Structures are given as C-alpha cells and as structure tokens.
Amino acid sequence: MEDLKSIIRNIPDFPKKGILFKDITTLLGDAKSFQRMVDLMSHRYVGQKIDKVVGVEARGFIIGAALAYKLGAGIVLVRKPGKLPSTTVKKTYDLEYGTDTLEIHTDAFNKGDRVLIADDLLATGGTMAAVVDMITSMGVELVECCFMAELEFLEGRKKLPEDKVFSLLKF
C-alpha cells in the first residue's frame, strides 16, 4: 500500500492555512495505480452480491463507478440539491461551520438491495453518516462504507456503523 500512498500528493495550506490536503488526482491520473487501487478495493466485495454502489459527490462518483463496473452492480449518485432531475429524498446535516444537504432519487433502490457506499476519503465522517442515514431509511441493506483513503486522526469512522467501514489507505 505504501506505493499507492506515495503517489498521493500533499498540498500544504489548501483549501486554507493549516490544512495538509491529500490530492488524489495524482493517483487517479496514473493508469497502473488507478487500476491497482480499483482492483484492491473491489476484490474485498467479489461474491457478496452487491446490487448498487452509491457514489458520493463528486470524487465518490469516480470510485463508485469503477467499483460498480468491477462488481457488476448499478451506480447510484448522491448529489447536492437541485442536481437530480426526479423526485428525491433529502438529508441536511451539520458541518463544522453550518449545514449541508444531499439528495438521492427516491426510486434509486429496490427494497432489500445490498448497497456499498463508496467515496475517495473518510475525514470527519459527517457527510458519510448523512448518506448512511439517508439510504438505510430507504429499506436497503448497507454492506459497507468503503474509502480509498482515511485520515485516521480525524476519527470519522466513529460516526459510522461499527464494523461497516473499510479504507484501503490510511494516513
């Protein structure tokens, strides 16, 4: 895993002073590394009958779509308000400074679908906790929340269901 971690670029003071941003575009742009990352993540779920993979806006669309393809599953998008064209379920949640809202189509799942939620990075866990609440209220079975990377010092996994979090890379 160290070889994949080493490809991720650190950007100091982005988006604001004092933050060391993990820029995954360097890994995504390297064909062999991207393929290896997707293979390693998808291997965990082979044979688990995943019906849908939920990709969380925006980088989660990349990870989610790749995993859905590898697993033979559908992809469902969680978006910011006003971006989905049909009837949606909304979830507003607290951020460090204010609130945010996410939406998903009301007809995105069939009852009992086995669902994997995918995103690029687990940080504080607030966004993912909102997504978990939203989709589990829709009658699906959450298989796991999976991330390409996790910033462990932020303890985001504490906001998510116990034993339902997987991160390929940990910082």
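## Terms and basis

A crossing of two helices is called right-handed if the near helix is turned clockwise from the far one by less than a right angle, and left-handed if anticlockwise. The model is predicted, so local features need pLDDT of at least 70 and side-chain atom pairs count only at pLDDT 80 or more, while totals for chains, interfaces and linings use all residues. Residues are numbered from 1 along each chain as its sequence is written, and side-chain values use heavy atoms, with hydrogens and water left out.

## The helix pair

Helices (H or I, at least four residues) and strands (E, at least two) are DSSP runs numbered from the N terminus. The axes of helix H3 (residues 31-43) and helix H4 (residues 59-71) come within 10 Å and cross at roughly 60°, axes being lines fitted to C-alpha atoms, for helices over the stretch in contact, with angles from 0 to 180 degrees between N-to-C directions. This crossing of H3 and H4 is right-handed.

In contact (heavy atoms within 4.5 Å), Phe34, Met37, Val38, Asp39, Met41 and Ser42 of H3 meet Ile62, Ile63, Ala66, Leu67, Lys70 and Leu71 of H4. These residues comprise nine nonpolar, one polar and two charged, where Ala, Val, Leu, Ile, Met, Phe, Trp, Tyr, Cys and Pro count as nonpolar, Asp, Glu, Lys and Arg as charged, and the others, Gly among them, as polar.

## The sheet

Five strands form an open sheet in the order E4-E3-E7-E8-E9, with parallel pairing, for which DSSP must find at least two bridges between two strands. Strand E4 (74-78) and strand E9 (165-170) are the edge strands, each pairing on one side only.

Strand E3 (residues 52-56) runs parallel to E4 and is joined to E4 by five bridges; Gly55 has Leu77 in E4 as its bridge partner. H3 packs on the sheet by touching strand E8 (141-150) and E9, and the direction of H3 makes about 150° with that of E8.
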